[in-house]
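Please look over the sequence and the structure shown below before reading on. The paragraphs that follow lead from the whole chain to its parts.

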Amino acid sequence: AEDDSPVFTVVEQQPEFPGGEVALWEFMKNSLHYPEDALKTGTEGRVIISFIVEKDGSISSPVIEKSPHESLSKEAIRIINSMPKWKPGMQRGQVVRVKYVLPISFRLN
């Protein structure tokens with residue numbers, strides 16, 4: 001069910017991944033599967049993805065804001081869609097929908 005209430009970009013209390021930022025980066029590291037075609041071509045870079053943290057903490061509407069390669073974009077969306085529910089954002093004591101922007105780095109070692 002899509003919520004039609006406003007989406008905030010700045011709130012008093014930002015949404016939070018369960019376990020905080022360290023847990024978020026750990027989740028990203030463990031979830032990332034380097035796309036085969038990007039491996040073959042040596043494609044690296046940073047995908048900037050935005051999404052909405054809904055009032056119930058679920059993630060919706062992932063959008064690629066910037067990406068060096070299509071397959072990296074697809075992988076970033078897959079990771080975002082596999083995330084557990086977040087602690088939702090708060091504004092004036094109310095749970096609100098918040099747009100969150102996340103950079104995902106793809107680096108070959």
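How much of the accessible surface of the protein chain belongs to carbon and sulfur atoms? The share is 52% of a total that comes to about 6500 Å². Accessible areas come from the Shrake-Rupley method with a 1.4 Å probe, and for residues only the protein chains shown count as cover. The model is a predicted one, in which local features need pLDDT of at least 70 and side-chain atom pairs count only at pLDDT 80 or more, while totals for chains, interfaces and linings use all residues. Residues are numbered from 1 along each chain as its sequence is written, and side-chain values use heavy atoms, with hydrogens and water left out.

The protein chain holds three helices and five strands. Here helices (H or I, at least four residues) and strands (E, at least two) are DSSP runs, numbered from the N terminus. Read from that end, the order of the elements is β-α-α-β-β-α-β-β. The C-alpha trace spans about 50 × 25 × 20 Å along its principal axes. Of the 109 residues in the protein chain, 39% are buried; the term buried means under 20% relative accessible area, exposed means over 50%, and partly exposed lies in between (1.4 Å probe, protein chains only). Among the contacts with a separation of 6 or more, 75% are between residues 24 or more positions apart, where contact means heavy atoms within 4.5 Å.

The next topic is the pairing of the strands. Two strands pair if DSSP finds at least two bridges between them. Strand β5 (residues 94–106) runs parallel to β1, and two bridges join them; V7 stands opposite R97 in β5. Strands β2 and β5 run antiparallel and are joined by nine bridges, with F51 having Y100 in β5 as its bridge partner. Three bridges join β4 to β5, again in the antiparallel sense, and G89 stands opposite V96 in β5. These two strands, β4 and β5, form a hairpin with two residues between them, and R92 in the turn has a positive phi of about 50°.

A hairpin is also formed by β2 and β3, with five residues between them. Strand β2 (residues 45–53) and strand β3 (residues 59–66) pair in the antiparallel sense over five bridges, and V53 stands opposite I59 in β3. In the turn of this hairpin, G57 has a positive phi of about 90°.

Aromatic rings provide another view of the chain. Rings of Phe, Tyr and Trp (its six-membered ring) pair if their centres lie within 6.5 Å; planes under 30 degrees apart count as stacked, over 60 as edge-to-face and the rest as tilted. By this rule there are six aromatic pairs. The pair of F17 and W86 is edge-to-face because the ring planes stand at 90°, with the centres 5.8 Å apart. This pair links distant parts of the chain, since F17 is in the loop between β1 (7–8) and α1 (20–31) and W86 is in the loop between α3 (70–81) and β4 (89–91), 69 residues apart. Both F17 and W86 are buried. Ring pairs link F17, F27, F51, W86 and Y100 into a cluster.

R46 lies in strand β2 and is partly exposed, with a relative accessible area of 47%. Neighbours within four places in sequence left aside, R46 is in contact with K66, S67, P68, P103, I104 and S105. S73 has its place in helix α3; at 13% relative accessibility, S73 counts as buried. Leaving aside neighbours within four places in sequence, S73 is in contact with V47, I64 and S67. K40 is found in helix α2 (residues 36–41) and, at 68% relative accessibility, counts as exposed. K40 and I79 are 39 residues apart in sequence, and their C-alpha atoms are 21 Å apart in space.
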